[in-house]
Amino acid sequence: MTDETGDGRPRLRVVTGGRADAGAAAARDEAALLGAWLVGDDEAFGELVARHEPLVLALVRRYARSPDDARDLAQRTFLKAFESARRALVHRGAAGVPAASGLGAVPFRRWLVRVAVNLGKNFRRDETRWTRSSQALPTLPAGRPDASQRLEDEEASVRLRRAALRLPRRQREVLTLRIDADLPFAEIAAALGCTENAAKVSFHLAVKRLRAELGKEDA
Amino acid sequence: MTACHDVAPLLLDRSAGDLAVADAARLDEHLAGCAACRAEAAALDRTLSLVRLPPPDAAERAALAGLADSIRLAQQARAQRRAWPARFAAVLAVAAAAAFLVAPAFTRRAPTLTPEEVALARAAAAPASRWTVPDPDELWDTAGALLSDQAASTASSTAAPAASTDVAATSGSATPLGRDRTVAIAAADAWFDTDTTAR
């Protein structure tokens, strides 16, 4: 690892090996964390889960009936992704590729996204906590404080969330990856195995359908 | 000013929160002067805000507490389940090896024979049991071959000289290695051959 010194010359910095402390573990990159996890580093495992927990929760909670349901889905997502990572790393280890070499690093985050999307596909339910009117409303544009408007928005929200679950699969996946997990279109495309432009077209079509649903209500 | 159809894709990017910084200024300039596009942008904002989920509440965050621990436990349980077939195979292999070693003790039982079979077996074995290793000297003595040459000088045996004299008298052979002697040599060879194969 090299740093630039004040006079522009590179300076070699030696990073000692062994078990790093919590602060240093946060700085380790994903490949190193996965390599450490594979050999039983419990701290690396905890770091991997903590790092991706918000993403996984954001992806699965739309399909969950309850917070416990969301936890169950999140756990299953992690288990499947860790299992895939273990298989890939063991296979590469058998092939002589060091786990933390960065050579063809395991795309753990992308696998988490794919697994969560697939679980969502299998768990798609019309009745979730978000399609019941008693749930809290999302943050709406300012300037609509009156009670009747709030009730109207709540009903529209329930309808649109139901409509989102009934979207064609690819449109639903792109929509939820974008608005639930805030993934950039480039990452969505990589996770779903399509081009960025195709992902944007799917998003456009999804929004068009939802607007049509909203138009029905307004009409 | 930029045309409406040029900024239409940017309106969706903006509502999706994915508008490139380079396009933001161009879109803002257009929106400032175009009421129709402002209405379109507001409609898109409303649609996407209605379909979004609210951020996780306290109950949701509490339900996720200790997720790493439960994943770890589930992994351990899975690893144990995966280990069962291997353990079963190991136990099976040990049991098979033990059976291989112990089985002969049970399978090699004494034959149960009827008295008739025993009698037949004894009769068949009788000549072998009576057979003894012949003494070469006695063999020669019985054949009377060598002794015929020494009949006069040897008086150790009483039957043999008589036999040899008889043989010599009946055969009328003057040669010391007569037919009987050849038979005796063949018998000795046969004995050695038998002894060799027995060994």
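Helices and strands are taken here as DSSP runs, with helices of at least four residues and strands of at least two, numbered from the N terminus. On this basis, chain A of the predicted model contains 9 helices and 2 strands. From the N terminus, the order of elements is β-β-α-α-α-α-α-α-α-α-α.

Chain A comprises 219 residues, of which 37% count as buried.

The interface with the second chain was examined next. In total, 42 residues of chain A are in contact with 28 residues of chain B. On the side of chain A that touches chain B, at least two residues each are supplied by α3 (42-60), α4 (67-94), α6 (147-165), α7 (169-179) and α9. The most is given by α4(A), with 9 residues. By residue class, the side of chain A that touches chain B divides into 26 nonpolar, 5 polar and 11 charged residues.

A:Cys194 is placed in the loop that lies between α8 (185-192) and α9 (196-218) of chain A. Because 16 C-beta neighbours are found inside 10 Å, A:Cys194 is classed as partly exposed; the buried class would require 20 or more such atoms, and the exposed class 12 or fewer. With residues up to four places away in sequence left out of account, A:Cys194 touches A:Ala189 and A:Ala199.

Note on methods:
Residues are numbered from 1 along each chain as its sequence is written. Chains are lettered from A and ligands numbered from 1 in the order in which they are written. This is a predicted model: local features need pLDDT of at least 70, side-chain atom pairs count only at pLDDT 80 or more; totals for chains, interfaces and linings use all residues. Two residues are in contact if their C-beta atoms, placed from the backbone, lie within 7 Å. Ala, Val, Leu, Ile, Met, Phe, Trp, Tyr, Cys and Pro count as nonpolar, Asp, Glu, Lys and Arg as charged, and the others, Gly among them, as polar.
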